[in-house]
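Hi,

Here is the structure for you to look over. My notes follow below it.

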Amino acid sequence: MYPFPADYCFPHNRWYIAAFSSELSDKPIQRTILETPVAIYRNSSGRAIAMYGICPHRYFPLGLGKIDGDALVCPYHGFAFGDDGKCVRIPSQQTGAGYYQPTYPLVERGTLIWIWMGNPEKADENQIPDYRKFGLDQPGWAVSGHDYIQLKARPQLLVDNVFDLTHLPHVHNQVAGGDSLLNSDQEIEELSDLVRLTQVMRMPWNPYFSMLWGEESRFEEIRNVYAVSEFFGPELVSISGPIARPIENRNMPPEGGIGEVYFIHGITPETKTTTHYFSIQTRNFRVGDDEFGNYLGASDLVIRNQDKTVLDELEKWVDYGSSRQNELAVKTDRMSLKVRGVIQRLIDAERMPITDTRRAPEFKSPAPTP
Ligand code: FES
Ligand SMILES: [Fe+2]
């Protein structure tokens with residue numbers, strides 16, 4: 001299965017975005033994550049809980065249940081499960097039969113809920129990408145967007161998409177300046193916690209800059225304009241908008257300039273061929289301008305849905321095509337290929353031995369017997 005092994009096509013020992021914080025309440029939601037159904041909700045103290053989403057009795061989806069006190073209650077026959085998964089009530093019996101429903105580590109950080117579907121002993125919160133690198137929930141930064149898109153396409157198609165921006169003039173031709181990406185200088189850096197692609201273009205002021213920074217920031221000369229794409233893992237990519245500054249230094253990430261905007265891509269496998277796509281923008285200019293933030297969010301959503309149209313179509317053909325010929329890889333595929341190598345190494349590290357780390361729920365006790 002393109003481009004990773006069909007029996008193990010994404011790493012499990014990662015923190016993935018399960019939901020936006022705003023999606024969670026005392027009314028559970030049911031969401032399939034890494035091929036596993038999960039019920040996610042807030043308990044009576046507001047803490048986010050994630051539990052295996054299939055009732056052990058007759059396999060009803062628990063995310064359609066309701067919260068009663070601190071228990072999640074299956075709506076079919078009323079079995080109830082506490083925060084730790086312990087079955088606390090079987091209405092037809094006096095006990096919970098000593099049964100535990102599997103639960104998953106969750107971390108709520110800012111506006112995002114992160115879930116760990118892999119080996120729980122390896123769940124280390126410090127592995128969640130450092131928000132300071134892209135402004136999410138940081139002082140001096142504004143956040144907009146928070147849109148959820150379901151892709152009928154495998155996660156890697158989105159990862160590949162965001163690292164080859166030469167599709168801009170074709171897929172997003174409403175965005176001015178996309179052509180300049182065709183001739184950009186590119187530099188790839190592999191750092192300790194991320195892989196960075198910096199694309200440098202030399203550009204004059206254009207209508208996109210007017211929309212983004214406002215006419216008052218207009219410059220007359222040709223400037224270096226940077227687009228910085230950072231891969232934190234298969235679960236998160238940030239792509240900067242144009243960063244313009246008058247100095248030329250290819251050995252450090254651009255800082256300052258007129259203002260920075262980041263388009264955050266949260267990428268969570270749903271199944272092998274479908275993806276939860278979480279969209280956010282962050283910026284450190286026009287911070288109090290909500291009208292601009294709303295406009296930025298709306299225009300970004302148009303762009304992401306254009307990508308969805310392409311990727312959903314691509315999903316229908318990619319196995320057919322890739323089973324018959326190798327890709328015709330070109331210069332601008334360097335970053336995608338680099339990133340695939342990183343993901344493949346993450347997968348390989350988990351697969352050995354395969355039975356130790358797969359994410360299939362581990363049940364602490366057998367199903368109750370009558
Ligand atoms: S299916 Fe859940 S209690 Fe019966
Ligand atoms: Fe795109």
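This is a predicted model: local features need pLDDT of at least 70, side-chain atom pairs count only at pLDDT 80 or more; totals for chains, interfaces and linings use all residues.

**Sheets, domains and a helix pair**

Ile-17 has Trp-114 of S11 as its bridge partner. Residues are numbered from 1 along each chain as its sequence is written, with chains lettered from A and ligands numbered from 1 in the order in which they are written.

Strand S1 (15-20) and strand S11 (residues 112-116) run antiparallel and are joined by five bridges. Two strands count as paired if DSSP finds at least two bridges between them. S11 also pairs with S10, in the antiparallel sense, over four bridges. There, Glu-108 has Ile-113 of S11 as its bridge partner.

Together the three strands make an open sheet in the order S1-S11-S10, with antiparallel pairing. S1 and strand S10 (106-109) are the edge strands, each pairing on one side only. From one strand to the next, the twist averages 30 degrees. Axes are lines fitted to C-alpha atoms, for helices over the stretch in contact, and angles run from 0 to 180 degrees between N-to-C directions.

The hairpin of S10 and S11 has two residues between the strands, and Gly-110 takes a positive phi near 60 degrees in it.

**The four-stranded sheet**

A second open sheet has four strands in the order S5-S6-S7-S8, again paired antiparallel. Its edges are strand S5 (66-68) and strand S8 (87-89). Each has a single partner strand, so one side of each is left without a neighbour in the sheet. S5 and strand S6 (residues 71-73) run antiparallel, joined by three bridges. Ile-67 has Leu-72 of S6 as its bridge partner.

**Backbone points to check**

Most residues other than glycine have a negative phi, and most peptide bonds are trans. Leu-34 has a positive phi, near 50 degrees, and is not glycine. Leu-34 sits in the loop between strand S2 (29-33) and strand S3 (36-42). Tyr-2 and Pro-3 are joined by a cis peptide bond, with omega about -15 degrees. Pro-3 lies in the segment before S1.

**Domains**

The protein chain divides into domain 1 (19-115) and domain 2 (129-324). These bounds come from an automatic or database domain assignment. Taken over C-alpha atoms, the domain centres are 35 Å apart. Eight residues from domain 1 and eleven residues from domain 2 make the contact. Contact means that C-beta atoms, placed from the backbone, lie within 7 Å. On the side of domain 1 that touches domain 2, three residues are nonpolar, four polar and one charged. Ala, Val, Leu, Ile, Met, Phe, Trp, Tyr, Cys and Pro count as nonpolar, Asp, Glu, Lys and Arg as charged, and the others, Gly among them, as polar.

**Helices H1 and H4**

How do they pack? Helix H1 (residues 155-162) and helix H4 (residues 290-322) meet at an angle of about 125 degrees, with their axes 10 Å apart. H1 and H4 are therefore oblique to each other. Angles under 35 degrees count as roughly parallel, over 145 as roughly antiparallel, 65 to 115 as roughly perpendicular and the rest as oblique. H1 contributes Leu-157, Leu-158 and Asn-161 to the contact, and H4 contributes Asp-307, Leu-311, Leu-314, Glu-315 and Val-318. By type, the residues of this contact of H1 with H4 are five nonpolar, one polar and two charged.

Best wishes

Technical notes:
Two residues are in contact if their C-beta atoms, placed from the backbone, lie within 7 Å.
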